[in-house]
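Work through the exercises below with the sequence and the model open. Each task is followed by a solution in steps.

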Amino acid sequence: MHALIVNKWKDSLKDFASALPSIFESKVAVVNISIAPLSKRGDDLAPPSTLLVFPFLAALTNGYLASFNELRQCALSNLERPLRKSLRDSLVHIVDGLTTFKRQCTQQLYKKANDDLFSKCCEIVSIQVVPYVIRCFEAIYPRPRASEEG
């Protein structure tokens, strides 16, 4: 089950990496889009609507959600620790992918409009995508509260 879930994440990451160049095709005026942190309510599992600004971020998030839906059907407790580590690695891979993309597209990012798009994408990833994916994972495997840890 671990391999199945992790392979789904890897597939989503590959799709994300290959779709990332489409960021420059966005016609959205991103400068005016406000990116708010997720609500503090941990039971709010609705995806952030700002994911629709960049369809590849929505697709990436959907990849995680699809794997979580499968995992939810058979969430074995002995998978929690390895999946939590694999999820952390996967989320780090998103950031690495953005960093690599920025290095490869330096010329295109000299244009203010492209730089604004890329910056807004990074902001959505850091403020919404990563916390949202973690929140959804923790709906399946909740972190123990301090009072429960002993």
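Helices (H or I, at least four residues) and strands (E, at least two) are DSSP runs, numbered from the N terminus. The expected span of a helix is 1.5 Å times one less than its number of residues. The model is a predicted one: local features need pLDDT of at least 70, side-chain atom pairs count only at pLDDT 80 or more, and totals for chains, interfaces and linings use all residues. Residues are numbered from 1 along each chain as its sequence is written, and side-chain values use heavy atoms, with hydrogens and water left out.

**Exercise 1. Compare the reach of helix 2 with its expected span, then state which of its residues are buried and what covers them.**

Step 1. Helix 2 has 19 residues, and from first C-alpha to last it reaches 27 Å. This is close to the 27 Å expected at 1.5 Å a residue.

Step 2. Buried means under 20% relative accessible area, exposed over 50%, and partly exposed in between (1.4 Å probe, protein chains only). The buried residues in helix 2 are Phe56, Leu57, Ala58, Leu60, Thr61, Gly63, Tyr64, Leu65, Ser67, Phe68 and Leu71.

Step 3. Contact means heavy atoms within 4.5 Å. The cover over the buried residues of helix 2 includes helix 1, helix 3 and helix 4.

Step 4. Take serine 67, which is placed in helix 2. Its relative accessible area is 0%, so serine 67 is buried. Leaving aside residues up to four places away in sequence, serine 67 touches Ile5, Lys8 and Trp9.

**Exercise 2. Describe how the buried and exposed residues of helix 1 are arranged.**

Step 1. Helix 1 covers residues 2-19, 18 residues in total, and reaches 26 Å between its first and last C-alpha.

Step 2. Ile5, Val6, Trp9, Ser12, Leu13 and Phe16 are the buried residues of helix 1. Down the axis of helix 1 they fall within an arc of 115 degrees (the arc of the directions from the helix axis to the C-beta atoms), so they line one face of the helix.

Step 3. Lys14, Asp15 and Ser18 are exposed on the other side of helix 1.

Step 4. The packing partners of the buried residues of helix 1 are helix 2 (55-73) and helix 3 (80-104).

**Exercise 3. Which residues touch the most other members of the largest nonpolar core, and which element gives the most to this core?**

Step 1. A nonpolar core is a set of buried Ala, Val, Leu, Ile, Met, Phe, Trp, Tyr and Cys residues joined through side-chain atoms within 4.5 Å. The largest one has 44 residues, and those touching the most other members are Ile23, Phe54, Leu57, Tyr64, Phe68, Leu83 and Ile94.

Step 2. Two or more residues of this core come from each of helix 1, helix 2, helix 3 and helix 4 (112-140). Helix 4 gives the most, with 12 residues.

**Exercise 4. How many disulfides does the structure hold?**

Step 1. A disulfide is a pair of cysteine sulfur atoms within 2.5 Å. The structure holds 0 disulfides.

Step 2. Cysteine 121 is in no disulfide, and the nearest cysteine sulfur, that of cysteine 122, is 5.5 Å away. Cysteine 121 is buried, at 0% relative accessible area, while cysteine 122 counts as partly exposed at 24%.
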